[in-house]
Amino acid sequence: MSHNKILGAAIAAALSVGGGTAQAAPSFGVAIGDTTEAPGVVAMELFDNASADSTQALPSDSTFTTEYTLGLGTEDANKVKESFTVLYELTGGVWNSNPLATDFSLEGADGTPSISYQEVTETTVKYGVNAKDTNINGETKLVLNGFNVMVKKTDFASADAEVKLNITLSGGVDTSASLTLVKSGKGIYVSFVPNTEDVNIDVGTGGTTFTGGENAPNGASLGTMTISYPTTRLKAFDLTTDWDAKTSDDGVVTKATLKISNGPFAASRTDNRVFIDKSGDGCSLGKNGDDIAASVSSDGKTATFTDVKTLFPANTTDDTTVDTTTNKVCVLVPGKEAAINETADAPKALLTAKYTNRTTGSGVSYLEGNLLHIKKNGVICTVYLVTDGVTTSDNSNIRITNTSGNAGTLTGTLIDQDGKGVFANVELGKTTKLYETIYLDSAFLVAKAKAAGHSGEFGRGNLKISSDLLKMEVFALVRNRGSVMRPLLNMSLGASGNGCD
């Protein structure tokens, strides 16, 4: 037979007919042309599961021909002498064009058997074989020639879907087999690997720098994103050509979006401060060359890269190589003015890609992966009422004690009662020793405010004390001067005075 890009399936199945003994064990194979290969595995990225149409045709040049070989010997006792029915049934697909009466034949039979075309539906076709005037032995092949199928897109938009052709013989022969015509598989693999360096937020500088890692103090790598093809190349619709997300006629990636949520991006809202290091220049310099920058949400927790399709690798024809691209995801701190936020969980990354055949819907969403969870390297304590002692009738007295095993730096950020900044990340104490206690009062806070360009009159406000200490203890007292009794109030967070997290 001559067929255009024919996919054939040859099966030898053990049968016992009329007391005969099967001479061949069951075996399954799929042939493309004259060579035997595995079934064609089509990239699932080719199918649009959001389309209004429920099916999608494989192109007409991907034509299937199946051969079912009766695995019997040639002795008279093993010949089929009674009429039987052959039922072909598709699962996972429907006929693109119904098989005809002339599409079914027998090869290797002794004589010309009479074949009747009994019925056809969108998934089945039935033929009858009159074996009385011919000899049908174990070497006879039942051939269904040159048919094309439409696959169910809702199935093939995920990996491991299959179109099967089930063959059932009944009557003079009673047996069945199932042939896999085509399968779907994941054409692209995306993985996220967190950075293994010990990177922290240095809260001793008010959370404006990173500690640890090759890019500290200004930059950090959250980890890497790798995009790769499977080792075994998946096929395009023709079941012959290797699918390539960048160059294939069908299924070319047209847009890809990377979204990282729950990230430490509060200090990185300036352009080019959160980026993918495609140029290989590292994470300490900011966006450079081919690097891809993200937009950062107003709350500083989400970074979105609107088009990263250039990160998809070209699929080579070398079956011994897995084609990949691996790039770092970088965060850069612009300066001392802004603080890096710490989040409760590790950042999550999600890549979504759209392909030419996916004309509707959001595209293919690849599984989320975790990136590096950057934590603070010290503690932050907050005093929720401090006064300037100038416009208020009370004075603040704050005592900070280093209760950790190391010396460290203290910085402070003061917000007034209207939520406006008075000063940010100013030094309160440098190299505070183990169990050393420092004292701050209203006059100290006013002086720090004036040095920062503020009038010094802030009324009442909240003071956040940052440190690179493992532990510290803070007591805050307010003495009211407007009363004869001059009461002293404990404004510490918690009766023990430990207002820290």
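Colleague: Which way do strand 17 and strand 18 pair, and over how many bridges?

Modeller: Strand 17 (residues 200-201) runs antiparallel to strand 18, and two bridges join them. Keep in mind that this is a predicted model.

Colleague: What about phi? Which residues other than glycine have a positive value?

Modeller: Asparagine 262 is one of them, with phi near 65°. Threonine 431 is another, at about 50°. Asparagine 262 is in the loop between strand 20 (253-261) and strand 21 (274-277), whereas threonine 431 is in strand 33 (residues 421-432).

Colleague: Are asparagine 262 and threonine 431 buried, exposed or partly exposed?

Modeller: Buried means under 20% relative accessible area, and exposed means over 50%. Asparagine 262 has 22%, so it counts as partly exposed. Threonine 431 has 46%, so it is partly exposed as well.

Colleague: Now the rings. How many aromatic pairs are there?

Modeller: Ring pairs are judged by the distance between centres, within 6.5 Å, and by the angle between planes. The count here is ten. One of them is tyrosine 229 with tryptophan 243, 6.2 Å centre to centre with 75° between the planes, an edge-to-face pair. Tyrosine 229 and tryptophan 243 are both in the loop between strand 19 and strand 20, 14 residues apart.

Colleague: Why is the pair of tryptophan 243 and tyrosine 355 called tilted?

Modeller: Planes under 30 degrees apart count as stacked and those over 60 as edge-to-face, with the rest tilted. The planes of tryptophan 243 and tyrosine 355 stand at 55°, so this pair is tilted, with centres 6.0 Å apart. The two residues are 112 apart in the chain, and tyrosine 355 belongs to strand 26 (residues 348-355).

Colleague: Are tryptophan 243 and tyrosine 355 buried or exposed?

Modeller: Tryptophan 243 is buried, at 1% relative accessible area. Tyrosine 355 is also buried, at 1%.

Colleague: Which residues do ring pairs link into a cluster?

Modeller: Look at Tyr88, Phe104, Tyr117 and Tyr127, which ring pairs join into a cluster.

Terms used: Residues are numbered from 1 along each chain as its sequence is written. This is a predicted model: local features need pLDDT of at least 70, side-chain atom pairs count only at pLDDT 80 or more; totals for chains, interfaces and linings use all residues. Side-chain values use heavy atoms; hydrogens and water are left out. Helices (H or I, at least four residues) and strands (E, at least two) are DSSP runs, numbered from the N terminus. Buried means under 20% relative accessible area, exposed over 50%, partly exposed in between (1.4 Å probe, protein chains only). Two strands pair if DSSP finds at least two bridges between them.
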